[in-house]
Structures are given as structure tokens and as C-alpha cells.
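Dear colleague,

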Amino acid sequence: MRIAVVGARLAGSYASLLLSQIGHEVFLFDGSTEKEKPCGGGVTSKALLRMPWFHENSVPHSEIRRMRMIAADGSMADLPLKHPMHIFSRSRLDSSLREASIRAGARFIPERTARCLQHRGVWLLSTAKGEYEADFLIGADGATSTVRACTIGRFAARDLSLAVGFYLPGAYHTDTVITVFQQEGFRGYLWSFPRVDHSSVGILRWLPETRSAELRRRVSGFIAEHYPEAGGEKR
Ligand SMILES: Cc1cc2nc3c(=O)[nH]c(=O)nc-3n(C[C@H](O)[C@H](O)[C@H](O)COP(=O)(O)OP(=O)(O)OC[C@H]3O[C@@H](n4cnc5c(N)ncnc54)[C@H](O)[C@@H]3O)c2cc1C
């Protein structure tokens with residue numbers, strides 16, 4: 001079967017890998033795969049056990065043994081983890097999975113899918129450079145999914161959150177994930193995830209209640225208070 005997978009990060013690359021391994025002809029589309037992502041990358045021990053791919057491929061990651069939770073009033077609790085959590089750089093993890101799917105036979109098309117429609121049982125996809133046909137379509141193209149827009153419609157703002165993140169180069173509290181809760185009623189949280197060569201520090205809030213400038217101000221304040229040694233070095 002010809003299968004078009006739109007979005008070549010975790011979900012799309014892993015689906016492409018599994019489908020290619022069982023003999024399907026897979027086309028994997030994505031026009032923007034190289035960028036690091038501030039969110040995601042935390043994989044539980046339970047999830048690792050369920051995905052043999054992780055045991056056969058070594059992708060550098062941090063091992064987390066402690067979770068620190070900070071309340072809005074500054075009080076905090078440290079929770080030791082029974083089983084470690086594994087924190088990956090998204091660009092490294094996503095590209096390793098994508099390369100594995102290509103080795104398994106998927107054809108990676110580094111282009112954004114602009115349109116998809118079903119005609120007489122066949123999916124027709126177009127990018128800026130070409131037209132493609134598939135028998136089956138998988139949308140793995142994230143919160144602003146084109147596949148979703150072409151099929152059942154876009155998410156409404158009330159179904160979305162906005163996240164803003166920074167990367168702090170270097171290693172900080174390498175065995176601890178930090179979650180910071182904001183004032184009561186704030187639907188979201190701030191996080192700091194130590195990755196191998198940087199920390200991902202960001203904040204998320206329910207979209208209708210926020211603007212990116214407000215989130216940037218909160219996360220910058222947290223970085224200045226908790227990582228003074230990072231100086232102005234954040235990206
Ligand atoms: C703050 C936050 C923290 C999180 N923490 C964790 C965590 O610790 N652990 C965890 O497991 N999950 C976590 N998640 C969830 C995780 O980030 C998502 O589940 C994951 O990123 C989804 O991966 P994906 O491959 O489905 O989509 P995405 O990572 O969103 O990738 C979508 C891809 O589709 C591509 N794309 C978009 N439109 C098109 C198009 N038209 N044509 C072609 N390509 C297109 C984009 O370029 C992108 O590369 C977190 C999420 C947030 C917001």
C-alpha cells in the first residue's frame with residue numbers, strides 16, 4: 001500500500017519506520033525538520049521498554065532521577081523517581097528516528113504538504129515542487145496540522161496552548177526536571193529539562209488566555225533568578 005505520512009518528527013518518523021518495516025511504500029513529508037524543539041523529549045522508562053528501537057539505537061540523553069516542583073509562592077518539593085526519566089534533544093531524537101525510517105525504505109520528501117484531498121479513493125497531495133498519490137494518509141503534522149485542516153478542520157484556539165522556550169547552552173542540575181506552577185487559575189506551567197548539551201526552559205499556557213510576550217517575560221524572569229550563571233546566553 002502507498003502511505004503518505006505528513007510530518008517527520010516523532011510520530012511521523014516512527015509510523016514510517018514501522019510501516020516500511022512491514023513492506024509498505026511510505027512517503028514521508030516535512031519541510032522543517034532540523035530545528036530544535038523546546039517541548040517534548042522526556043521519555044519514561046515504561047515507554048522506553050515498549051519501544052525496542054531505543055535499545056537498538058543509542059541516542060545521547062540525560063537520565064533524570066528527581067523531579068522538583070515549585071509552587072507559585074516559591075515553596076518546593078523534590079520527588080525521587082523510582083525509575084529514571086530519559087531526556088532527549090528533540091532534534092537528535094527526531095532525526096535518528098527519521099534516518100531509521102529512511103534506512104527501512106521510507107522515501108523522505110523534505111517539503112511541506114500544501115494541500116491534500118481524496119479523489120476516487122486516492123489521496124492527492126501537493127507540495128510547492130510536486131504532486132503525489134497515496135492510498136492511505138497519516139497526519140503527524142502537529143498542532144497546526146494541514147492534514148487535519150484538509151479532513152476534519154483546524155483546532156479552535158480553545159483547544160490549543162501556546163509554548164515559548166529557550167535553550168540554555170551547557171549543563172545544569174543534570175539529574176533533575178523542574179516544574180514551576182504559576183498563580184492560581186493559570187492554565188499551564190513552566191519547565192526546565194536538562195538535556196545533554198543544553199537545558200530546555202520554557203512555559204506553556206492555554207492559548208486564549210495569553211500572548212507570547214507575557215510568556216517570554218515569565219520565562220526570562222525564571223532564568224534570571226534560577227540560572228544567573230547562564231548570563232545573557234539563551235537562544
Ligand atoms: C510544553 C510541552 C512539553 C511536552 N513534554 C513532553 C515530554 O516530556 N515527553 C513527551 O513524550 N511529550 C511531551 N510533549 C508532547 C510532545 O511534544 C508531542 O506529543 C510531540 O511533539 C508530538 O510529536 P509529533 O511528531 O506528533 O509532532 P511535532 O513534533 O509537532 O512535529 C510535527 C512536524 O510536522 C511538520 N509539519 C507541519 N505541517 C506540515 C505540512 N503541511 N507538511 C509537512 N510537514 C508538516 C512540522 O514541520 C513538524 O516537523 C510536550 C508538549 C509540550 C507542548
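A residue is called buried under 20% relative accessible area, exposed over 50% and partly exposed in between, with a 1.4 Å probe and protein chains only. Phe29 has a relative accessibility of 1% and therefore counts as buried.

The model is predicted, so local features need pLDDT of at least 70 and side-chain atom pairs count only at pLDDT 80 or more, while totals for chains, interfaces and linings use all residues. Residues are numbered from 1 along each chain as its sequence is written, and side-chain values use heavy atoms, with hydrogens and water left out.

Rings of Phe, Tyr and Trp (its six-membered ring) pair if their centres lie within 6.5 Å; planes under 30 degrees apart are stacked, over 60 edge-to-face, and the rest tilted. This rule gives 6 aromatic pairs. One of them is edge-to-face because the ring centres of Phe29 and Tyr132 are 5.0 Å apart and the planes stand at 80°. The two partners are 103 residues apart, with Phe29 in strand S2 (residues 25-29) and Tyr132 in strand S9 (residues 131-134); strands are DSSP runs (E, at least two residues), numbered from the N terminus. Tyr132 is buried at 15%. Phe27, Phe29 and Tyr132 form one aromatic cluster.

Phe222 and Tyr227 also make an edge-to-face pair, at 5.9 Å between centres and 65° between planes. Phe222 is buried at 6%, and Tyr227 is buried at 3%.

A charge sits over a ring if NZ of Lys or CZ of Arg is within 6 Å of the ring centre and within 35 degrees of the ring normal. Arg98 is placed in this way over Phe108, 5.6 Å from the ring centre, and Arg148 over Phe155, at 3.8 Å.

With kind regards

Conventions. Helices (H or I, at least four residues) and strands (E, at least two) are DSSP runs, numbered from the N terminus.
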